[in-house]
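Visitor: Could you walk me through this model, one feature at a time?

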Amino acid sequence: MGRSGAAGAPAWPPLPWRLIGPHRGGRVTAVAGHPTDRLTFFFGAAAGGVWVTRNGGVSWHNLTDGALRRPSVGALALAPAEPRRLYVGLGESCVRNDVVPGDGVWRSDDAGAHWESLGLADTQHIGRILVHPTDPDTLYVAALGHAFGPNPERGVFRSRDGGRSWDLILHRGPDAGAVDLAMDPDDPGVLYAALWEVRRQPWTFVSGGPGSGLYRSEDGGNHWVSITEAPGLPGGVWGRVGLATTPARPGRLWAMIEAREGGIFRSDDQGAHWVGTNDELALRRRPWYYNHIVADPVHPDTVYVLDLECRRSTDGGHTFAAVPTAHGDHHALWIDPRDPQRLINGHDGGAAVSFDGGASWSSTFNQPTAQFYHVTTDTRVPYRVYGAQQDNTTLSVPSQSRWGAVGAAEWADVGGGESGAIAVRPDAPHIVYAGSYNTLTRYDGQVGELRSIHPWPDLTAGRPAAAVRYRFPWTFPVVLSPHDPTTLYTAAQVVFRSQNEGASWTVISPDLSRQDPSKMGPSGGPITGQAMNAEYYGTVSALAESPRRRGLLWAGTDDGLVHVSPDGGATWEAATPEELPRDSYVAVVEPSAHDADAAFVAAHRYKLDDPAPYIFRTTDRGCHWTRIVSGIPGGEWVRAVRQDPQEPALLYCGTETGVYVSTDGGDGWQRANANLPAVPIYDLAVHGQDLVAATHGRSFWILDDVSPWRAQAAGAVGAAPILHRPADAVRWIPRAAGGGRGAAGGAGYRALPYTAARWERSAAGEPEWVDSGANPAGGLWLSYELSEPVAELKLHIEDEAGRLVRIVAEGAHAAWFHRAAWDLREAGVNGLPSTARRAAGISGLPVLPGPYRAVLAAGGPSRVQPFAVALVPGSGVDPAALAAQRELHGAIRAAFRQLIDLVVAARAWMQQVRAESPATAAHASHQLEAVLTGMAGPEQPSADSLRSHPAPLSAQLSALAEVVALGDQAPTAQAWEVFREQSRHFDAARQAAAAAVRQAVEAVNRQRAAAGRAGLSVPAWCED
């Protein structure tokens, strides 16, 4: 694309992403514990990969980033005979409306450090993996298959060579797959398999059919017989079945069956005969989502059922009591075969560990696996990021924190619900509008008031779409006008507008959907109805008003239509792309910020078993469209497209596994994940120079400063070396680092308000937060590129007058792309390497607002880029106060620099004197060191000296500098007085040091005179 770079380099800079959290767990579908290491556990997230804890749940680390191509985990298992071998089946089998497919089975032989694909990629959803107890190469996979269509690669698969090859050993056609497996603990040749006929479509969900059933094999899977009609089991159509065996009683088998007369069933003769033990509906509220049963390995009559609650029976499955847990919707439970008190539980809020049988659990607020549906930002400085988390609350999370890490104390719930879109008033960011199925609220953050403003607050649960007045789907648009912050839009099958903050609404469109009655019937069945409105269909799924032209509205539907209104909703025109297939879900309509007649559409059809990407561009208000997906491979369906507000040719899109960027208006795309893990990107937002991603499985991420991409899109990239023009900076300065303790074992803590943030060393040796979001590295990113290695490079900041402000980077550099962070501060003053207490140095003050320039010298002509630093809008900072602050802070820094220079020179001079005349200079040397210790602490401080000696003058100056630098305010009168007193102490110390030096010179010179040698002169610094 017309740029220079190192051989083999990507077409543009790989800009890094930053995780801001929240560290609040999302849905977990698979768990396992290490058989012998009591503190090691694993979990697989529905859309977040595989994680491990080696400290009993205190912290978790991802094992699959950069290795697995898909993030959804349906099953995981450690080989009992070789627990470092880990098998993972991708694609969750809890097929709710946001289900994420996978690409088969993966294996690690080193506890997750490295991975290899084992095939079965088209199974898409895997419910269970069983590994032979003594042969780690023999394993069985319950493959559910496609959730949204028929496919042949489903059923029970077996491998006898560690996954190198597979045999399909139980198959019932293209519509039914295997969802669960169990093995007889006494005879691994006896296997049980549950098959499930299930199909999701955007407008309905069917769980159950003739393909569902229960099967047994007595020869390791070579032959199977149906035991669906065994005595004691329910008749009729079956849906999902959960299975469990226990070594506590030979021959015992448990089944949790979705059927009209379903419930919990138990067999004590390997499935030949059964008895129903419990048919309570409370244990099978949504069996297609749960139906998990887990048997205690030690106590034969203890069994767990996972549903909305985790329930336990100790009387053979007849009665159950709830086990207290921190979250609902349970999907996985592992029990230590040797110690049933040791558990790990997976639910919609993450994974938690227990060592007391479920009486207490580890935290789930250390797992950044939240699943978000949308993202928006506000106008604060620093800005906040908003989204709705699946099966949790909405959240507002700061883009960065004054405390060095983004902790939970700075999160905020802003109303709405788990699936909704959010809109924030730009002129009053404390006003937030948030939706979710059947909910729309107005939240006033200043007073904490929440008000329902839903256009039609009618409880629709349990009713089909055809039976309700307005079809509000699972997630519906909530949009503020870019021209009037008091105008709010939302949509069902029609578009609503409110101009009084939701107190009343006006319908401004007809039904914009296809109005297909065949797709508006009851959802669920044939056994269990789906009472929520997650399958409401024929609705407006995307809505936006042009930022270029007031009243120019765009609407897209979930059944593949696009409409445009040029007059604020008075009339609507069809504007559907010809190449957009029927029933596509229009996820985003993005009106151009640069051209009123231009817009972009992102759509997907994966819920119709079509994984192709669909992005369209129009420049004539929808009369003609061009499909623009070159560079996005099949299987990467698109959920969002956004245009950069500064550069019209720069586009961003979010796909099923990441982010793609185009710098030519969409003609070509390239993957831009860098360190962003493979994860569904449900939405993107551009805020200033930042790109913000709402992932559906890995929380919020920010790419700080897209300036290099903007330069490429603008055609402003010249020959290397390249210094990209940085974005203008806002002078927002975080507070000094909070107190922390410890780095033993590569971990430590930082104090945050009301809590502490934990950091640990990553595999690369870098510290990373394990329970908090990361702050940006500095206040301004400087990006530069080299076509060849450079031995001497200097990147620095100058003010308007050309004075040096700060050196940001220097020294040898390798070829290609580099980034350096500048914290918007002037150069500071370094202390002594062994300085006691707080005298390690004094940081420079934040620079004054105004124009600056970055200068890159890397051989040849320097590259120069201008930028500006501005005050925080509305901060009310007084320039005179800043000038007074700089006056005193500069005086302190000058005194500190003089003090350090004096101490360094004095100790170096005395070292020479000691070497020449140790006995003669001993007394004077002792006197001088006593003075220098008072100035800067002992030359070789010990732990005791740091606590027992008075703070040296250098520490006092450093502490005063911190006081003066705190806030953008003029120094207090008492700060000036303290400095004057410290200056007097410094003058006295200099005089005492000079006197000690003169005494040493006299003593040495007497010795030199006796030897006939010339005497020493008093050092010049003693004469100052």
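Guide: Gladly, and a definition comes first: rings of Phe, Tyr and Trp (its six-membered ring) pair if their centres lie within 6.5 Å, with planes under 30 degrees apart counted as stacked, over 60 as edge-to-face and the rest as tilted. This is a predicted model, where local features need pLDDT of at least 70, side-chain atom pairs count only at pLDDT 80 or more, and totals for chains, interfaces and linings use all residues. Residues are numbered from 1 along each chain as its sequence is written, and side-chain values use heavy atoms, leaving out hydrogens and water.

Visitor: Which residues form one aromatic cluster with Trp456?

Guide: Look for Phe, Tyr and Trp rings, the kinds that can pair. Together with Trp456, the cluster is formed by Tyr470, Phe472, Phe476, Phe496 and Trp505.

Visitor: Is the pair of tyrosine 437 and tryptophan 474 stacked or edge-to-face?

Guide: A pair of aromatic rings is described by the distance of the centres and the angle of the planes. Here the centres are 4.6 Å apart and the planes of tyrosine 437 and tryptophan 474 lie at 10 degrees, so the pair is stacked.

Visitor: Is tryptophan 474 buried or exposed?

Guide: Buried means under 20% relative accessible area, exposed over 50% and partly exposed in between (1.4 Å probe, protein chains only). Tyrosine 437, at 21%, is partly exposed. Tryptophan 474 has a relative accessibility of 7%, so it counts as buried.

Visitor: How many disulfides does the structure hold?

Guide: A disulfide is a pair of cysteine sulfur atoms within 2.5 Å. For cysteine 94, the closest cysteine sulfur is in cysteine 310, 14 Å away, which is too far for a bond. The number of disulfides in the structure is zero.

Visitor: Which residue lies over the face of tryptophan 203?

Guide: A charge sits over a ring if NZ of Lys or CZ of Arg is within 6 Å of the ring centre and within 35 degrees of the ring normal. At 4.7 Å from the ring centre of tryptophan 203, the residue is lysine 519.
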